[in-house]
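Some labels given to a structure rest on a cut-off. The questions below ask what stands behind them.

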Amino acid sequence: MDARTEHPPLISSARAWIMALRGWKRALVAMAAGGLSALAFAPFFAFPVFFLTLPVFVWLIDGSADWRRAFSAGWFFGFGYFFFNLFWIGEAFLVEADKFAWLLPFAVTLLPAGLALFWGIAAAVARLFWSDGIGRLFVFAITLSLAEWLRGHILTGFPWNLVGYALTYPLPLMQSAALFGAYGLTAIALFIFPAPLVVLGGRRAPLSIRKIVGAIALGAVPIALLLACGAWRLQTPETFVPNVKLRIVQPSVPQREKWMAEYQRRIFDDHVALSLANPAGEKDSLAGITHLVWPEAAMPFFPLEAPVALDILANVLPPGTTLITGALRHDPSPAPGTAPPADARALNSILVLNERAEPIATYDKINLVPFGEYVPWEATLATIGIQKLTHGRGSFGVGSQPRPLMAIPGLPPALGLVCYEALFPGNIVQGTERPGVLINVTNDGWFGESTGPYQHFHQARIRAVEEGAPLLRAANNGISAVVDPYGRALQVLGLNVRGVIDSALPVAITPPLYARLGDWILAIIIAIYAGFAVRLRKNGR
């Protein structure tokens with residue numbers, strides 16, 4: 001193992017070529033590497049691509065004479081990354097193309113451009129502390145992981161496809177989220193993925209076989225350890241909450257029809273009809289079902305103000321069956337059949353109705369989608385024709401904070417998550433009481449057959465692993481599932497599939513490390529990285 005070998009010409013030449021790039025060629029290479037990185041996530045899960053693309057990012061900073069050029073490298077890399085990770089957002093602007101198609105070019109370019117600022121700033125800050133040795137990898141991981149954390153928190157946050165999600169597939173690797181969370185995994189990923197090629201490409205002297213193996217081990221060994229620990233963790237046998245039988249409905253209503261008045265009754269009747277049959281399509285009138293789960297805004301009206309709908313539900317729900325449904329509601333809520341007060345807020349909610357169709361629990365969404373459910377600076381932007389994409393005029397109201405748990409008969413304490421609220425690591429459990437089940441109602445029908453619904457489902461699964469609680473997911477269209485606390489999808493209805501899931505409810509486990517420490521895990525990793533960076537810099541490495 002002490003044999004010497006020539007400096008790897010391909011890697012060192014690639015580094016030199018990238019460092020020497022200028023102008024549009026430099027921008028194009030940065031965007032291409034960022035865009036290629038999107039293959040690391042669902043539905044492709046080709047995470048080894050980061051072993052190729054993140055070294056390009058590091059070498060672009062190597063070739064930056066100052067922080068301004070580093071910012072430009074980071075911004076172009078980030079633009080490619082976010083453009084190809086988020087192109088599916090454009091689908092939403094085609095649902096009502098006559099109203100919103102003109103906004104599509106702005107949506108698919110301005111959002112990636114804005115998010116890329118986080119990476120540009122991170123690269124600029126990194127350049128201020130840059131060195132020639134391996135210590136710069138720790139600086140790179142610190143600044144980029146902090147940028148990803150800020151992306152998930154500033155201006156309500158949008159932590160879609162954090163780099164750390166690359167270390168959450170396959171299932172044994174997913175278990176690492178229980179220890180580190182998505183943000184902690186991001187810090188780990190930002191070191192181990194660029195490390196092998198950066199170390200090999202930065203050697204000035206001939207390399208020994210031992211050094212080559214050592215460089216490769218910087219990336220391979222941590223992943224192997226995470227896989228081994230995950231495989232051991234998955235040996236835990238499955239257990240279920242007694243006397244609970246769930247039915248989750250996925251009606252797959254075309255989004256273009258969802259809010260058309262002429263389809264309201266048909267959509268409601270379709271939910272009812274699907275609910276009354278088992279997964280094989282055989283009518284059973286909900287026999288034995290304790291909890292029926294419908295998706296986000298399942299009824300395209302305000303159900304608490306629709307006495308006919310409530311009467312039908314009261315006749316359909318057998319004794320002992322509870323309906324958990326995504327629904328729109330007003331606060332204050334008027335009596336059935338009467339108009340809401342002029343000052344009533346519209347809320348995107350989860351309603352829990354008993355067998356008499358009486359509301360017994362409610363959760364109101366607190367993380368609203370900008371331009372989807374509310375318009376920032378609404379009065380000003382309305383004058384140029386900008387309005388929210390979802391049905392109804394005016395923005396939705398925000399529910400009570402911290403996020404409350406719901407008391408649902410027969411279930412452990414339930415935490416509601418409406419649509420993309422499932423994206424926020426470390427922020428879904430906001431009170432002191434732990435949930436025994438996560439209930440995520442959503443509608444990914446906005447995004448067609450793009451990568452968006454697959455990525456949304458995968459990130460929701462990670463919340464189950466981080467919190468050690470099962471996840472019930474009901475989608476109008478998208479991916480509905482029952483997921484256990486280890487991220488195992490026990491039952492799944494895929495994209496564009498109409499039907500139901502019948503399942504038992506997995507038992508929550510003891511809160512894992514991330515559920516107890518949250519993003520302090522990220523802070524600890526960053527502190528360790530900083531210590532290594534300072535020591536290596538002092539030693540000239």
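Q: What covers the buried residues of α11?
A: In this predicted model, the cover includes α3, α8 (171-174), α9 (176-192), α10 (195-201) and α15. The buried residues of α11 are Ala 215, Gly 219, Ile 223, Leu 226, Gly 230 and Arg 233.

Q: How do you know that the span of α11 agrees with its number of residues?
A: Helix α11 (residues 209-233) has 25 residues, which at 1.5 Å a residue should span 36 Å. The end C-alpha atoms of α11 are 35 Å apart, so the two values agree.

Q: Where does α11 bend?
A: The bend is at Ala 217 and amounts to about 45°.

Q: Why is Cys 229 called partly exposed?
A: Its relative accessible area is 47%. Buried requires under 20% and exposed over 50%, so a value in between is called partly exposed. Cys 229 is therefore partly exposed.

Q: What makes Cys 419 count as buried?
A: The relative accessibility of Cys 419 is 12%. The cut-off for buried is under 20%, so Cys 419 counts as buried.

Q: How many disulfides does the structure hold?
A: The structure holds 0 disulfides.

Q: Which residue caps the N-terminal end of α4?
A: Asp 66 does, with a side-chain oxygen 3.1 Å from the backbone nitrogen of Arg 68. Helix α4 covers residues 67-86 and reaches 27 Å from its first C-alpha to its last, close to the 28 Å expected.

Q: What covers the buried residues of α4?
A: The cover includes α2 (23-36), α3 (50-62), α6 (104-128), α7 (135-151) and α15 (452-467). Among the buried residues of α4 are Trp 75, Phe 77, Phe 79, Tyr 81 and Phe 82.

How values were computed
Residues numbered from 1 in each chain as written. Predicted model: local features only at pLDDT ≥ 70, side-chain atom pairs only at ≥ 80, totals over all residues. Heavy atoms only, no water. Helix = DSSP H or I, 4+ residues; strand = E, 2+ residues; numbered from the N terminus. Expected span 1.5 Å × (residues − 1). Buried < 20%, exposed > 50% of the residue type's maximum accessible area, 1.4 Å probe, protein only. Contact = heavy atoms within 4.5 Å. Polar contact = N/O pair within 3.5 Å; in protein donor to acceptor, adjacent residues only side chain to side chain. Bend = angle between axes of the 7 residues up to and from the residue. Disulfide = S-S within 2.5 Å.
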